[in-house]
Amino acid sequence: MNERTPSQSDDTPPPDSTPTSDDTSPPEGTPPPDDAAREAESAGGGRRTRRPRRTPRGTLSREVLMAAAIQVVDTQGAGAFSMRALGAFLECDPTAMYRHFRTKNALLDALLDSVVREGSAELPQSDDPRADIRANFRQLRRSLLAHPTLAPLVLRRPPGVGAYWERSDHAVAQLHRAGMNPVDAANVYQTLLFYTLGHALSEARQLARALEREGAGADGGPVASVDAPPERHPDLSDVAPHLRDDNEAQFLAGLDLILRDLPR
């Protein structure tokens, strides 16, 4: 799918607003924070107003921006993400971010790369190519589900660098080790990738809704759940009791079916 072209305010820094620092200084004459808080308390009839905490000058970095961006996406959804939203979250001038990422899309690409890499410091490498491929795609699923609101972005704009290519190259290398020719290896690799992304996306949608309703620790529930009338759908009803409630167990069972005929 083609990604929507972001507006200039979200994706490119305004032409005449090159940031000179990571934060903006308060206007001349602004009272210190304690004095400002006391003034707000007096104006509010004694009710103290909490002054927002701004990001300290000079503390922005790629790592800080990426960590904050993941929090914004996790809590507000990928559709609500913009440089302005990130600036509001950090309480700093949005133009300061373009010193670290040239565009919003560059920041998103870095986020997706970190998600694909998360939880897998080392790709599996053993004497069993089948086991290594299984572990690789199991890692990918878990990484995507660690941030369910980001998972749809991996499908819309799959990363083309870094961890994504490393993981893909590892999978194809195991297929070559198993004795597959390039054509068959390509077909099996794409099948594994599409199966994993589709399964993770189905789970991520349910998990994101559950997190929105119930907060941290929520469980999205089983992806495959069927209660079809047996008189109308006898074959589907016949397999319904065997559909797994454990999404990971279901995922691994399907993965094993794909890998079953892989040469040993």
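This is a predicted model: local features need pLDDT of at least 70, side-chain atom pairs count only at pLDDT 80 or more; totals for chains, interfaces and linings use all residues.
Helices here are DSSP runs of H or I with at least four residues, strands are runs of E with at least two, and both are numbered from the N terminus. Residues are numbered from 1 along each chain as its sequence is written, and side-chain values use heavy atoms, with hydrogens and water left out.

I will begin with the overall picture. The protein chain contains 11 helices and 0 strands, and 38% of its 264 residues count as buried, where buried means under 20% relative accessible area, exposed means over 50%, and partly exposed lies in between, using a 1.4 Å probe and protein chains only. Contact, for this talk, means heavy atoms within 4.5 Å. If we take the contacts between residues at least 6 apart in sequence, 71% of them join residues at least 24 apart.

Now to the interior. A nonpolar core is a set of buried Ala, Val, Leu, Ile, Met, Phe, Trp, Tyr and Cys residues joined through side-chain atoms within 4.5 Å, and the largest one here has 52 residues, with Phe 81, Leu 86, Leu 90, Leu 107, Phe 137, Leu 144 and Leu 175 having the most contacts inside it. The elements that give two or more residues to this core are α3, α4, α5, α6, α7, α8, α9 and α11. Which of them gives the most to this core? That is α9, with 8 residues.

Let us turn to α5, which covers residues 104-117 and whose 14 residues reach 20 Å from the first C-alpha to the last, close to the 20 Å expected at 1.5 Å a residue; the expected span is 1.5 Å times one less than the number of residues.

How does α5 sit against its neighbours? Two packed helices are described by the angle between their axes and the distance between the axes. The axes are lines fitted to C-alpha atoms, for helices over the stretch in contact, and the angles run from 0 to 180 degrees between N-to-C directions. Angles under 35 degrees count as roughly parallel, over 145 as roughly antiparallel, 65 to 115 as roughly perpendicular and the rest as oblique.

Helix α3, residues 62-76, packs with α5 at an angle of about 80°, with the axes 10 Å apart, which makes α3 roughly perpendicular to α5. On the α3 side the residues are Arg 62, Met 66, Ala 69 and Ile 70, and they meet Leu 107, Ala 110, Leu 111 and Ser 114 of α5. This contact divides into 6 nonpolar, 1 polar and 1 charged residues, where Ala, Val, Leu, Ile, Met, Phe, Trp, Tyr, Cys and Pro count as nonpolar, Asp, Glu, Lys and Arg as charged, and the others, Gly among them, as polar.

With α8, in turn, α5 packs at an angle of about 40°, the axes being 7 Å apart, and that makes α5 oblique to α8. Here Asp 113, Val 116 and Arg 117 of α5 meet Gly 162, Ala 163, Tyr 164, Glu 166 and Arg 167 of α8, a contact whose residues divide into 3 nonpolar, 1 polar and 4 charged.

Returning to α3, its axis and that of α4 come within 10 Å and cross at roughly 105°, so that α3 is roughly perpendicular to α4. Leu 65, Ala 68, Ala 69, Gln 71 and Val 72 of α3 make this contact with Leu 86, Phe 89 and Leu 90 of α4, and by class it has 7 nonpolar, 1 polar and no charged residues.

In α4, which spans residues 83-90, we also find Ala 88, and this residue counts as exposed because its relative accessibility is 54%. Ala 88 lies 16 residues from Val 72 in sequence, and the two are 10.0 Å apart in space, C-alpha to C-alpha.

In the loop between α4 and α5 there is Glu 91, whose phi is near 55°, a positive value in a residue other than glycine. Most residues other than glycine have a negative phi. At 25% relative accessibility, Glu 91 counts as partly exposed.

Finally, α6 has 17 residues that should span 24 Å at 1.5 Å a residue, and its end C-alpha atoms are 25 Å apart, which agrees. This helix is mostly covered, with 12 of its 17 residues buried, including Ile 133, Phe 137, Leu 140 and Leu 144. Not counting residues up to four places away in sequence, Leu 144 touches Val 115, Ala 151, Val 154, Leu 197 and Ala 200.
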